Amino acid sequence: MLKVASVSRSFGDKQVLDAVSFDVRPGRMTGFLGANGSGKTTTMRIILGVLAAHGGAVTWRGEPVTQSTRQRFGYMPEERGLYPKMKVAEQVVWLGQLHGLTLAQARANTERLLAQLELSDRAEDKLEALSLGNQQRVQVAAALVHDPDVLILDEPFSGLDPLAVDIVLAVLRERAAAGVPVLFSSHQLAVVERLCDDLVIISEGVIKASGARDELRARHGSARFELVVDSDAGWLRDHPGVRIVDLDGPRAVFDLVDGTRADRDVLRAALGRSGVRSFAPVVPTLDEIFKEVI
Amino acid sequence: MTSFATATRLIAEREVKSFLRMKGTWIGLGVILVVLFATAILPKVLDTPDKVATVGPDAARLLAGSGMEVRAVGTVEAAEKLVRDDEVRAAVIPDGRSASGVRVVALDDTPTDVVAALATAPPVDLLDRSEVDKDQQQLVIQVFAVLFLIFAMGGAAIAQSTVTEKQTRIVEILVSTVPIRALLAGKIIGHALLTLGQVAVIAVAAPIALSIGGHGELLSVVAPALGWFVPFMCLGFVLLASVWAVAGSLVSRQEDLGSSMGLVMMLVLGPYFAVAFFADNATAMTVLSYVPFSSAVAMPVRLFAGEAAIWEPLVALGVLAATVMLIVLLASRLYSGSLMQTGGKVKLAKAWAHAD
């Protein structure tokens with residue numbers, strides 16, 4: 001497990017991270033969510049040792065992260081960068097070697113990754129000859145070539161078309177399934193909602209929420225339900241323990257009044273009156289959680 | 001797990017490869033070679049002997065062995081006509097009143113080479129003869145100073161490649177992967193090899209050019225001093241290379257590189273001009289031969305002229321090596337402190353303070 005423990009950092013007088021703590025668990029995709037300038041990139045740079053922490057520590061498997069452990073990390077920086085004039089495959093192979101692979105291993109991994117990312121036919125082109133989207137896929141390959149123990153990706157999906165998102169996602173999921181902790185940041189809530197298992201929400205340098213996505217939803221969602229019946233659902237207005245949010249013919253959305261467990265009563269009553277088409281809790285979107293916690 | 005040495009080697013390899021792939025590298029080397037061959041060979045090709053018309057046996061005798069093309073004519077008028085028609089550079093005609101018995105006729109300026117050929121110089125004895133003559137010494141200074149310039153300017157590529165890495169932001173991946181000092185060491189070694197390679201090419205081409213041009217004797221003049229030049233040059237390169245790297249790390253964009261390269265250019269050009277200007281001043285040369293940067297040129301020249309005792313180059317090398325160590329330490333701190341800072345130009349004090 002990668003552990004970020006009370007990490008603080010300031011630039012000049014401005015404190016950008018204040019005792020930031022969270023875990024990135026093995027085999028899980030952890031979404032790192034926050035507005036622009038909330039401290040996501042700074043946190044990631046500190047994990048990678050590009051910036052020094054002014055307090056706190058980052059540990060991997062219980063040991064402080066050092067230059068040598070970090071060499072087994074895969075990193076995709078926010079500001080993309082590779083050598084523009086180097087050939088795609090050559091560049092990825094070289095980075096693999098720099099991360100400690102033998103030439104043969106690096107070549108094999110590069111070939112496999114470029115195939116997975118559907119870049120095999122561009123392997124011999126100079127990076128600058130590729131479209132921005134394709135350059136970004138190369139960047140993914142560069143972060144993954146050495147089969148990293150930990151993956152830290154800063155906005156890996158920004159700038160990708162939906163098809164490319166799926167391709168990159170498949171590659172990342174494969175790594176997570178192999179037991180690698182994957183931390184990726186995003187300010188696009190919909191993307192994170194679809195992709196992450198765990199969630200860390202940061203705002204102005206302070207962690208506002210962290211944990212499993214579904215758990216967070218359950219915790220931060222109000223007890224809201226949607227009921228669709230065969231006939232008019234107007235009777236629900238008078239049902240005890242219920243506060244109507246929206247009522248439209250046979251469809252009703254309602255909250256439970258605090259402390260009551262009236263949902264079963266409502267279902268029983270509905271079944272007694274007419275047929276029930278659907279009855280389900282309304283799960284809050286990340287958008288709602290996000291707005292609630294920050 | 002990549003060791004420091006492996007990381008350094010990989011960085012150096014990449015620098016060499018990408019440098020060799022640039023067109024500019026080969027164009028630059030090509031231009032140097034063309035200039036080298038041109039300066040060695042062209043004078044021989046273009047240098048045709050002066051044509052001189054002579055009247056009378058005295059003139060012909062005086063010019064014998066001068067290497068000039070002599071056309072003997074019968075009368076002064078005929079000789080003057082040849083001069084007017086630009087057929088000959090000058091005419092040498094008899095003149096009873098002149099001490100040498102001849103007079104020179106030319107069109108609009110004094111033909112000094114013809115006059116010199118006619119003059120008889122008295123023998124000269126030098127009481128304090130130096131081991132090498134001044135012309136040869138001047139030549140050795142020029143050769144070493146130019147080689148030093150080529151080496152030193154080669155270091156500018158380090159600044160270039162550092163800025164490229166900052167500008168493209170790959171530096172973030174590099175820094176998170178290998179120690180910053182390995183990055184610096186790899187760059188210096190890579191570019192040292194590249195520059196050595198170019199000098200080696202020139203070292204192979206120069207004798208060929210010189211012997212084609214008929215200047216074989218120059219080689220035997222320069223060769224003895226080269227032995228001392230090499231160790232000085234290698235250390236001098238590391239010294240300048242680390243300074244170049246800092247110059248590159250201080251800025252974030254290619255366009256800003258000029259502003260931080262000024263000081264380094266002075267360090268490169270300073271020794272070149274200082275040694276050229278003070279070549280005749282023994283005291284100044286002695287000082288220059290100990291000062292790092294200029295010692296790389298000045299000490300081999302003094303050794304060549306036989307002016308330095310055998311322990312002197314060793315002391316100068318020691319001073320240079322100590323300076324290299326100091327500068328490399330300072331440079332690697334400044335380099336690490338400024339490498340991750342982007343935006344405008346990083347102030348040296350800020351770079352110093354930011355080193356982690």
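This is a predicted model: local features need pLDDT of at least 70, side-chain atom pairs count only at pLDDT 80 or more; totals for chains, interfaces and linings use all residues.
Which residues of β6(A) point one way and which the other way, and are they buried or exposed?

View 1. Residues are numbered from 1 along each chain as its sequence is written, and chains are lettered from A and ligands numbered from 1 in the order in which they are written. A:F73 and A:Y75 point one way from β6(A), A:G74 and A:M76 point the other way, and all are buried. A residue is buried if 20 or more other C-beta atoms lie within 10 Å of its own, exposed if 12 or fewer, and partly exposed in between, with C-beta atoms placed from the backbone. Helices (H or I, at least four residues) and strands (E, at least two) are DSSP runs, numbered from the N terminus. Four bridges join β6(A) to β7(A) in the parallel sense, and A:F73 stands opposite A:V150 of β7(A). Two strands pair if DSSP finds at least two bridges between them.

**View 2. The six-stranded sheet of chain A.** The sheet is open, with mixed pairing and the strand order β6-β7-β8-β3-β9-β10. β6 (73-76) and β10 (206-212) of chain A stand at the edges with a single partner strand each, so one side of each has no neighbour in the sheet. From one strand to the next the twist averages 15°; axes are lines fitted to C-alpha atoms, for helices over the stretch in contact, and angles run from 0 to 180 degrees between N-to-C directions. Within the sheet, β3 (residues 29-33) and β8 (residues 182-186) of chain A pair in the parallel sense over five bridges. A:T30 has A:L183 in β8(A) as its bridge partner.

**View 3. Helix α4 of chain A and its buried face.** The 14 residues of α4 (residues 103-116) of chain A should span 20 Å at 1.5 Å a residue, and the end C-alpha atoms are 20 Å apart, which agrees. The expected span is 1.5 Å times one less than the number of residues. A:A106, A:T110, A:L113 and A:L114 are buried in α4(A). Seen down the axis of α4(A), the buried residues fall within an arc of 95°, so they line one face of the helix; the arc is that of the directions from the helix axis to the C-beta atoms. A:A104 and A:A115 are exposed on the other side of α4(A). The buried residues of α4(A) pack against α3 (88-98) and α5 (132-144) of chain A, where contact is defined by C-beta atoms, placed from the backbone, that lie within 7 Å. After α4(A) comes A:E118, with a positive phi near 55°.

**View 4. Helix α5 of chain A and its surroundings.** α5(A) has 13 residues and reaches 19 Å from its first C-alpha to its last, close to the 18 Å expected at 1.5 Å a residue. Ten of the 13 residues of α5(A) are buried, so the helix is mostly covered. Among the buried residues are A:Q135, A:R137, A:V138 and A:L144. The cover includes β6, α3, α4, β7 (150-153) and α6 (162-177) of chain A together with α8 (170-177) of chain B.

**View 5. The contact between chains A and B.** The contact takes 26 residues from chain A and 18 residues from chain B. On the side of chain A that touches chain B, α2 (67-70), β6 and α3 each supply at least two residues. α3(A) gives the most to this side, with four residues.

**View 6. Strand β3 of chain B between two partners.** β3 (residues 90-94) of chain B is mostly covered, with four of its five residues buried. Strand β1 (residues 51-55) of chain B pairs with β3(B) in the parallel sense over three bridges, and B:T54 has B:V92 as its bridge partner in β3(B). Strand β4 (residues 102-106) of chain B runs antiparallel to β3(B), joined by five bridges. The bridge partner of B:I93 in β4(B) is B:R103.

**View 7. Domains of the two chains.** Domain bounds come from an automatic or database domain assignment. Chain A has domain 1 (2-218) and domain 2 (222-285), with C-alpha centres 43 Å apart. Chain B is divided into domain 1 (4-42 + 131-354) and domain 2 (51-110), with C-alpha centres 54 Å apart.

How values were computed:
Two residues are in contact if their C-beta atoms, placed from the backbone, lie within 7 Å.
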